[in-house]
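Trainee: Could you walk me through this model? I would like to start with the sheet and then turn to the chain contact.

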Amino acid sequence: MPEPTTQVAAREGAGAAPAPETRKLKYGEAVNAALARVLAEVPQTLLYGEDVGKPGGVFGVTRGLRRKFGERVFDTPISEAAILGSAVGAALMGARPIVEIMWADFSLVALDQLVNQAANARYVSRGAAPAPIVVRTQQGNAPGACAQHSQSLEAMFLHVPGLRLVMPRTAQDAHDAVVAAVHADDPVIIVENRTLYFGDKAEVELGGAPRPMGWSHLRRPGRDVTVVSWGAVTDRVLEAAAGLAGRGIEAEVLELPWLNPADMDAVLASAARTRRLAVVHEANVTGGFGAEIVARVAEAGIGLAAAPLRIGAPDVRIPAAPVLAEALLPAAGPIADRIAALVA
Amino acid sequence: MDGTERRLADLHAMWRVRALEEKVRELRVAGDAVVGSVHLCIGQEAGPVGACTELGPDDALFATYRGHGWALARGVPAEGIIAECAGRATGVNGGRGGSAYFTAPEHGFHGENSIVGAGLPIAVGAALAGRFDGSGRVALTVCGDGALNQGASHEALNMAAAFKLPVVFVCENNYWSELTPIDEMVGEPELWRRAAGYGMPGARVDGNDPAAVRDAVRDAVARARDGGGPTLLELMTQRLVGHYIGDVEQYRRPGELDRAREEEPIARLTGALAAAGVPAAEIEDARERARAEMEEAAAAALAAPPADPATAKDHVYA
């Protein structure tokens, strides 16, 4: 029996990549621009989810796309299993569904379709029937959000072989993640952050060829300690690093928007250079992806000059009152102090 | 095909399913050729045999872990199924799916599913894609009675109805939700009545009669293709064997299996053909051809090499 060939009918008829241009956009607007690009460029794309079509999304991220692209952009019942399951079924038929799960917490009612279905499809069929879905969601705490709207769940998905995951923090990465995910042939989960949607505008390069998954950013070079981070908390890490510079400590900040595939080469090279390692994420410490980063550095035999440091939310539920939540989430001051202690 | 010819063809098709299942059971029980969890559809052959003739090549069938019969009736070769159950390189998925989770998209068989109820939303997506890709595809998804108590099933039925998608939901009601009677797990044991609540047509069908199944599925497929939306069909049937091989079936009720053996589809059609004057030799021929085919398929499957362990890490990602 011949080995089945990978089904990549999905981009048949895809238009050429749009010409590069630069625009000033907020994070949410950059996602919108990327969605508009792939809807125009890849005829097999569909965009749907709860309130995604006519209302334009609870955060306004998909505003205007229904008007522009018609029935390929639509609203669904409040049915996460049907949203994710139908995405799997549509992808099996060659479509490129881009679906939204309004809060990452809501994916928990429909994990079966991600873990048992989407992640298995390619493997079990030996590539004959992959399910290259794109799931956009957003997670993390924002002031006043309840315990069921505040979790950081990336490590749960990262434990599942077959699922790709990216956590963009900047408008550019938010744009590029959508374009890369739609052009990838794996199921990709894009974990955005609602505290970033309405931030300042930034220059965003649109158009051009899709970037391959797995990029990282050296946000700040430094000789004393490697600090690895991802997601919105990276802003706090950069603030901490700026403060540390004033105390004579040069922290190298490496941002990993992609956690699968993660740029482990960059992590290992930096850790080997600085011989000190801290990992900062908003997610709970136990079982967080920070543990995996620390383990990979240890496995690589990199001799650290000090014990590695994991900074994240303690193993506690997230309370609604902002004063309580802030007591748990990593803040710039404590991040800086703990890193300073590591270097001392 | 005239009436008798059709009925003989159905008898042969049902014998193919049964002979396949008997062969798989033999391999599972006798030695180590087939290991692990195997769920046979012995007694439920009329569903797949009646339904699959009504599907076109572009239509998409989604089955459950009790899916060997649906795969075979859809056109998946028996040798590939047996080889899959036996973990051979020549299995339809090279041994990666096994008895309970294989797929053969090249035959319009888009997979068994070992998660109860999971196939319903996936079928909705296949139908949804068809709305945009110009295929005119109808999706048919099979589930058991127990699966209709899953949340995913409810979501799928509602979304298909809301969007008038071309889906045929086939529920094989064999009375046992795994090891528990369905009528103790629902307030309304006539499962087809749920269709009205979703705003779709529904029907209870004699699931032991391939002709009755065929008529119902033909109507549902035609309605789906014409833009009339989904249908829920409840096929009343029985499994003559355990939920899985090794199930001791202590839950069976007195006389249940005796009655079931009279009502099961092969016994019924055999009796009806004999009563209609069809020669015994033709009736036996339907069985013997099926058994011979499965002997040959099993021999070929077992002659093939096992899956290559060097490939176990392949195809996780594109």
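This is a predicted model: local features need pLDDT of at least 70, side-chain atom pairs count only at pLDDT 80 or more; totals for chains, interfaces and linings use all residues.

Trainee: In what order do the five strands of the open sheet in chain B run?

Mentor: The order is E1-E2-E3-E7-E6 in chain B, with parallel pairing. Strands (E, at least two residues) and helices (H or I, at least four) are DSSP runs numbered from the N terminus, and two strands pair if DSSP finds at least two bridges between them.

Trainee: Which are the edge strands?

Mentor: They are E1 (60–62) and E6 of chain B, each pairing on one side only. E6(B) is joined to E7(B) by five bridges, and Ala203(B) has Leu233(B) in E7(B) as its bridge partner.

Trainee: Which strands does H8(B) touch?

Mentor: H8(B) packs on the sheet against E3, E6 and E7 of chain B, and its direction makes about 170° with that of E7(B). Such angles run from 0 to 180 degrees between N-to-C directions, and axes are lines fitted to C-alpha atoms, for helices over the stretch in contact.

Trainee: Which residues of H8(B) are buried?

Mentor: Among them are Val213(B), Val217(B) and Val221(B). A residue is buried if 20 or more other C-beta atoms lie within 10 Å of its own, exposed if 12 or fewer, and partly exposed in between, with C-beta atoms placed from the backbone. Just after H8(B), Gly227(B) has a positive phi of about 90°.

Trainee: Changing topic, how many residues does each chain give to the contact?

Mentor: Chain A gives 37 residues and chain B gives 34. Two residues are in contact if their C-beta atoms, placed from the backbone, lie within 7 Å.

Trainee: Which element gives the largest share on the side of chain A?

Mentor: H3(A) does, with nine residues. The side of chain A that touches chain B has 18 nonpolar, 13 polar and six charged residues. Ala, Val, Leu, Ile, Met, Phe, Trp, Tyr, Cys and Pro count as nonpolar, Asp, Glu, Lys and Arg as charged, and the others, Gly among them, as polar.

Trainee: How do the axes of H3(A) and H4(A) cross?

Mentor: They come within 9 Å and cross at roughly 10°. H3(A) and H4(A) are therefore roughly parallel, a term for angles under 35 degrees.

Note on methods. Residues are numbered from 1 along each chain as its sequence is written. Chains are lettered from A and ligands numbered from 1 in the order in which they are written. Angles under 35 degrees count as roughly parallel, over 145 as roughly antiparallel, 65 to 115 as roughly perpendicular and the rest as oblique.
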